[in-house]
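Dear colleague,

I am handing over the structure we spoke about, and it is placed just below this paragraph. My notes on what was found in it follow, so that you can read them with the model open beside you.

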Amino acid sequence: MGVLFEAKEEQERAGLLEDFIQKAGGCAVIDGGFATQLEIHGASINDPLWSALCLINSPHLISKVHLEYLEAGADIIVTSSYQATLPGFMSRGLSLEQSEELLEKSVKLATEARDLFWETVEKIRDHSYNRALVAASIGSYGAYLADGSEYSGCYGADVDLNKLKDFHRRRLQVLVEAGPDLLAFETIPNKLEAQAVAELLEEENIEIPSWICFSSVDGVNAPSGESFAECLEVINKSKKIVAVGINCAPPQFVHNLIHKFNELTEKVIVVYPNSGETWDGVAKRWLPSKCFNDEKFKVLAKRWHDSGAKLIGGCCRTTPSTIRGLSKVLKKTN
Ligand SMILES: C[S+](C)CC[C@H](N)C(=O)O
Ligand SMILES: N[C@@H](CCS)C(=O)O
Ligand SMILES: [Zn+2]
């Protein structure tokens, strides 16, 4: 492929998201904690598959949560596939075919909810909704390990670049085949996995625009201790990644990290922090710490937008009520 063609292709991919952001008024609102809202509806997900368990036993809850976030004003909804992996499903006795079907189902449930919601609101003359995009969630290797390592980046000495690419490859292919609008790599804790993702998108010639989000536990670096300057080096070179940022880190870190990312990249900046609680990977529960209520989140979200973030939402322990507030304040400022 010629260099000029590649550059054009890159521009088009970034352009799609930028046009969408423009249409949404300069900032697109992402949904909030998906697993959190499933739990609010009674899902029991204290399990190695975490929220992906609902793809097997309660898909109706997944549709319900998508509709709730759409109604709350999300411009982008993220699929239920964060911890949905082929080895994870197969370890529960499912065949490869059944496991791939569950991945496809995660995209189908989201697109169906989006289409149903849009059909309904289109009939209302003065509604303030945009037709939402569906981002397929691709959780980190640490999410699959289910040991909290998406917040440490400690994958062990046997995990190298090829192992991470192999882990992500087939799931990525299946999710892409299911036709989401975007790909959301979430809670990436180290540079090695960022590199694996960037190389894989290239090797597989993925045409769907991707964002990649890191977690952070100190507000300065990636959880592995590597600097974001190091992590973003590889991302900046990728034509396939159109947005980069932070998810599932405490809200109080986000403002400074946006400033840092502004200096490190020209890509769109995406932030969707959690409520400020801390995940106990052993007990598999959230520990209360400096927690931000919806009002505080709203105030901060406006600051994040003013600092340059153009995709803003919430992660774990945020809810449709957080997103409703966020949507009001972000859309009002434009
Ligand atoms: C984003 S974390 C709270 C997801 C759950 C974690 N991967 C675990 O399984 O323990
Ligand atoms: N999309 C996932 C991210 C977990 S960190 C969720 O909201 O449950
Ligand atoms: Zn989260």
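To begin with ligand 1, one of its oxygen atoms is 2.7 Å from an N or O atom in the side chain of Gln83. Please keep in mind throughout that this is a predicted model, and that the distances and areas below are computed from it.

A further oxygen contact of ligand 1 involves Lys284, a polar side-chain atom of which lies 2.6 Å from an oxygen atom of the ligand, while a nitrogen atom of ligand 1 is 3.3 Å from a polar backbone atom of Ala143. Taken alone, ligand 1 exposes 330 Å², of which the protein buries 99%. The residues that surround ligand 1 are Trp50, Tyr82, Gln83, Ala143, Ala146, Glu150, Tyr151, Trp279, Lys284 and Trp286, and by class this shell has seven nonpolar, one polar and two charged residues. As for where ligand 1 sits, the answer is the largest cavity.

Turning to ligand 2, the space that it takes is likewise described as the largest cavity.

The polar contacts of ligand 2 involve both backbone and side-chain atoms. On the backbone side, a N or O atom of Phe34 lies 2.8 Å from an oxygen atom of ligand 2, and a polar backbone atom of Ala35 is 3.1 Å from an oxygen atom of the ligand. On the side-chain side, a polar atom of Glu186 lies 3.0 Å from a nitrogen atom of ligand 2. Ligand 2 exposes 280 Å² when taken alone, and the protein buries 97% of that.

With best wishes

Terms used
Residues numbered from 1 in each chain as written. Chains lettered and ligands numbered in written order. Predicted model: local features only at pLDDT ≥ 70, side-chain atom pairs only at ≥ 80, totals over all residues. Heavy atoms only, no water. Polar contact = N/O pair within 3.5 Å; in protein donor to acceptor, adjacent residues only side chain to side chain. Areas by Shrake-Rupley, 256 points an atom, 1.4 Å probe, with all protein chains shown as cover. 1 Å grid on protein atoms, 1.4 Å probe; cavity = no way out; pocket = protein on both sides within 12 Å on 5 of 7 lines; lining within 4 Å. Sits in = over half its atoms within 2 Å of the grid points. Near = heavy atom within 4 Å. Nonpolar A, V, L, I, M, F, W, Y, C, P; charged D, E, K, R; others polar.
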